[in-house]
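The entries follow the structure.

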Amino acid sequence: MLPTDHAAAVAGISVWAAIESPTHDAAGVNRAMDLVAAEAGAAAIAAERIAGRDGLGDSLLLRAGPRTGDRGILILSHLDTVHPVGTLARDLPIRVEGDRLYGPGVYDMKGGAWLAFQAFREVAREASARLPLTFLFTPDEEIGSPTTRSLIEDLGRKAAYVLVTEPARDGGKVVTARKGVGRFTVEIEGRPAHAGSRHPDGRSAIREAAHQILAVEALTDYERGVTTNVGTVAGGTAENVVPQRCRFTVDLRVVTAADGELYGEKIRALRPVDPDMRVQVSGGMNRPPYECSSETARLYGRAREIAAELGFDLGQVPRTGGGSDGNFTAALGGATLDGLGIDGDGAHTLAEYGLISSVRPRMALMTNLLRRLS
């Protein structure tokens with residue numbers, strides 16, 4: 001049976017959040033997968049473990065519902081977080097303050113993964129689904145899903161509906177569109193020299209990087225929905241050496257696939273201001289834009305009808321800047337509804353929390369979507 005009281009929800013989510021699982025800690029991610037696999041096994045749910053690669057954790061695939069050739073429902077959750085091991089003990093202990101459950105990954109997105117799993121388990125127990133159900137837990141969403149994108153897309157092509165358990169936005173709204181995401185690395189090489197006695201002989205890579213960073217940041221166009229952000233910079237060896245090398249990373253967000261190509265090419269076309277420097281750019285679009293198709297709009301309409309029957313209004317965020325695995329399935333043209341997880345705030349911060357009162361209604365919504373979509 002579904003957990004129906006707040007205490008049960010707090011206890012269940014807290015167990016999942018207590019396993020620290022930063023993306024690059026494969027052992028921690030796999031402990032989280034072990035926990036879900038054990039709970040699925042106890043419920044007699046068919047599970048397939050897919051070994052991780054490139055130093056990342058495993059994926060877990062659960063199946064339920066009628067065994068037919070129909071295109072079914074795909075649920076997407078990730079168990080990796082951005083919080084390093086030790087966050088739980090030092091900076092963000094699991095605790096309840098009023099309606100808020102604090103903890104690393106509670107909001108993004110173990111709360112949503114947990115409530116969706118409860119719904120999945122209940123519908124599997126009832127054998128009430130009208131379509132085949134597939135639930136994929138992934139280990140690498142927070143770094144752009146480099147090892148699971150192809151799996152997500154393969155499963156997405158076989159799905160009539162995709163439900164993504166990323167957290168709710170702006171007081172419980174779901175997400176029907178997201179910007180596309182590009183990631184680039186710019187590497188600059190100059191000429192080292194003694195900063196005191198041979199300064200004219202040097203060619204500073206950091207100075208060149210400053211020019212290039214300003215050029216990249218100037219590409220931001222808010223009216224067009226395009227943003228560029230230089231997020232990390234590293235270079236130089238010592239205070240008294242003209243720096244030979246510098247590198248920086250660029251985050252690009254776009255509304256359309258066409259702008260992804262256009263602005264990606266602008267970044268890749270960076271050329272040295274100083275002809276004695278070398279500038280090399282690598283990277284590209286990491287997630288395609290997730291646009292609200294007519295199929296997604298109909299799915300949102302159905303979800304809103306079900307939410308109204310359950311006694312609450314389900315609003316939508318027309319577009320959000322953050323990417324998710326829903327970007328991949330939406331780009332294939334299928335109906336994708338995102339932001340079905342827990343409500344709250346503070347994703348990727350040391351003030352992350354989920355609203356306990358949001359768990360029960362959102363679990364009921366997910367349960368009814370799995371039962372009634374056809």
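Is E141 buried or exposed? I found E141 buried, at 6% relative accessibility (buried is under 20% relative accessible area, exposed over 50%, partly exposed in between, with a 1.4 Å probe and protein chains only).

I noted that this is a predicted model, where local features need pLDDT of at least 70 and side-chain atom pairs count only at pLDDT 80 or more, while totals for chains, interfaces and linings use all residues. Residues are numbered from 1 along each chain as its sequence is written, and side-chain values use heavy atoms, with hydrogens and water left out.

I then looked up the partner of E141: R287 forms a salt bridge with E141, with the closest N and O atoms 3.5 Å apart (a side-chain nitrogen of Lys or Arg within 4 Å of a carboxyl oxygen of Asp or Glu). The two residues are 146 apart in the chain. R287 is buried too, with a relative accessible area of 3%.

Next I checked R178 and D338, whose side chains meet in a salt bridge at 2.7 Å, N to O. This pair ties together parts that are 160 residues apart in sequence. R178 is buried at 0% relative accessibility, and D338 is buried at 0%.

I also looked at D34 and R49, which form a salt bridge at 2.9 Å, N to O. D34 is partly exposed at 40%, and R49 is partly exposed at 33%. A network of salt bridges links D34, R49 and D58. The count by this rule comes to 22 salt bridges.

Definitions and conventions. Helix = DSSP H or I, 4+ residues; strand = E, 2+ residues; numbered from the N terminus.
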